[in-house]
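Let's take a slow walk through a protein model together. Keep the picture beside you as you read, and try to find each piece as it comes up.

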Amino acid sequence: MNIELINICKIFQNELVLENINGSFEIHSIAVIGPSGGGKSTLLRIIGGLLAPDSGTLKIDGGKIEFNKKDLQKYRRNIGFVFQSKGLFEHLNAMENMLLPLVHAYHISKSEAIDISNRLFERFGLLDEKNKYPFQLSGGQQQRIAIARAVAIKPKLLLLDEPTSALDPEYTAEVLNMLGELQAEGLKTIIVTHEMGFAKNACEKVIFLADKRIVESGESAEIFKNPQSTELKIFLNKIL
Ligand code: ADP
Ligand code: MG
């Protein structure tokens, strides 16, 4: 999958938040890193069709994404999302959380949806959790269920916005392991993360976004070994 960003700009309350974002990326697994407030979440939401840019063009495999309701509905069907936290419906148990999008948005029969969910629960060691409500689950379990739910629809692209940053450290590894496994088997992902080890070892490419623009991007091994810009050097020194 190729994603192309052409002069993307976004303004919030008269403030430029993304300034001429350009780049063409062959997506396997991309990590988006950078300081807080740099525009990472905004860019991810634009790529996912949740937010329209104020100017510029997003192309997927050469086709322009039109930011109107009808086209976006179709586009978003192929994209999975996982956010920092609070992604699960609190009043539904784990199984019901899985079934809701499959049955109501994707019109898969309930029995098939239950099968899909059970297979994912089993695969990721979540069978004992399937009747529990979010408040009965650890943060790590909640995020793994959110990821299972996002991949149950077989997305062409999975977008994750800091999926581990609200977790206690002991749960971070289990979530990242699950993601690494999914990536290794070919799931295309873009993840905003502060986990530099994961960006370096599990993601093929890195985009460093800071102060409204892509300062640097490239193969992850190269980015970490030979950061070019002063901004990235400073950022890595702070975080590593
Ligand atoms: P990051 O994810 O890198 O921390 P964000 O994309 O969340 O950065 O935010 C970039 C900038 O845009 C920040 O200054 C933030 O305050 C601002 N911003 C983000 N979303 C909104 C919004 N809905 N309304 C107004 N300002 C926003
Ligand atoms: Mg953010």
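Predicted model: local features only at pLDDT ≥ 70, side-chain atom pairs only at ≥ 80, totals over all residues.

Residues are numbered from 1 along each chain as its sequence is written, and chains are lettered from A and ligands numbered from 1 in the order in which they are written.

Back to ligand 1. Its surroundings include Phe12, Gln13 and Val17, and also Gly37, Gly38, Gly39, Lys40, Ser41 and Thr42. A residue makes this list if its C-beta atom, placed from the backbone, lies within 6 Å of the ligand. Helix α1 (residues 40–47) gives the largest share of this shell, three residues. Helices here are DSSP runs of H or I with at least four residues, strands are runs of E with at least two, and both are numbered from the N terminus.

Now for the sheets. Strands of a sheet pair through backbone hydrogen bonds, either parallel or antiparallel. In this model, two strands pair if DSSP finds at least two bridges between them. One open sheet has four strands in the order β2-β1-β4-β5, with antiparallel pairing. At its edges are β2 (15–26) and β5 (63–64), each of which pairs on one side only. Further in, β1 (residues 2–12) is joined to β4 by five bridges, and glutamate 4 stands opposite lysine 59 in β4. That lysine 59 also stands opposite lysine 64 in β5. Strand β4 (residues 55–60) and β5 run antiparallel, joined by two bridges, and isoleucine 60 has glycine 63 as its bridge partner. The two strands make a hairpin with two residues between them, where aspartate 61 takes a positive phi near 45 degrees.

The other open sheet has six strands, ordered β6-β7-β8-β3-β9-β10, and its pairing is mixed. β6 (79–82) and β10 (213–219) are at the edges with a single partner strand each, so one side of each is left without a neighbour in the sheet. On average, neighbouring strands are turned by 15 degrees against each other, direction ignored. Look at the β10 end: six bridges join β9 (residues 205–210) to β10, and the two run antiparallel. Lysine 205 stands opposite glutamate 219, while phenylalanine 208 has glutamate 216 as its bridge partner. This is a hairpin too, with two residues between the strands, and aspartate 211 in the turn has a positive phi of about 50 degrees.

Next, find helix α3 (residues 94–105). How does it sit against helix α4 (residues 110–123)? The two pack at an angle of about 130 degrees with their axes 9 Å apart, which makes α3 oblique to α4. With helix α5 (residues 139–152), the axes come within 9 Å and cross at roughly 25 degrees, so α3 is roughly parallel to α5. Axes are lines fitted to C-alpha atoms, for helices over the stretch in contact, and angles run from 0 to 180 degrees between N-to-C directions. Under 35 degrees counts as roughly parallel, over 145 as roughly antiparallel, 65 to 115 as roughly perpendicular, and the rest as oblique.
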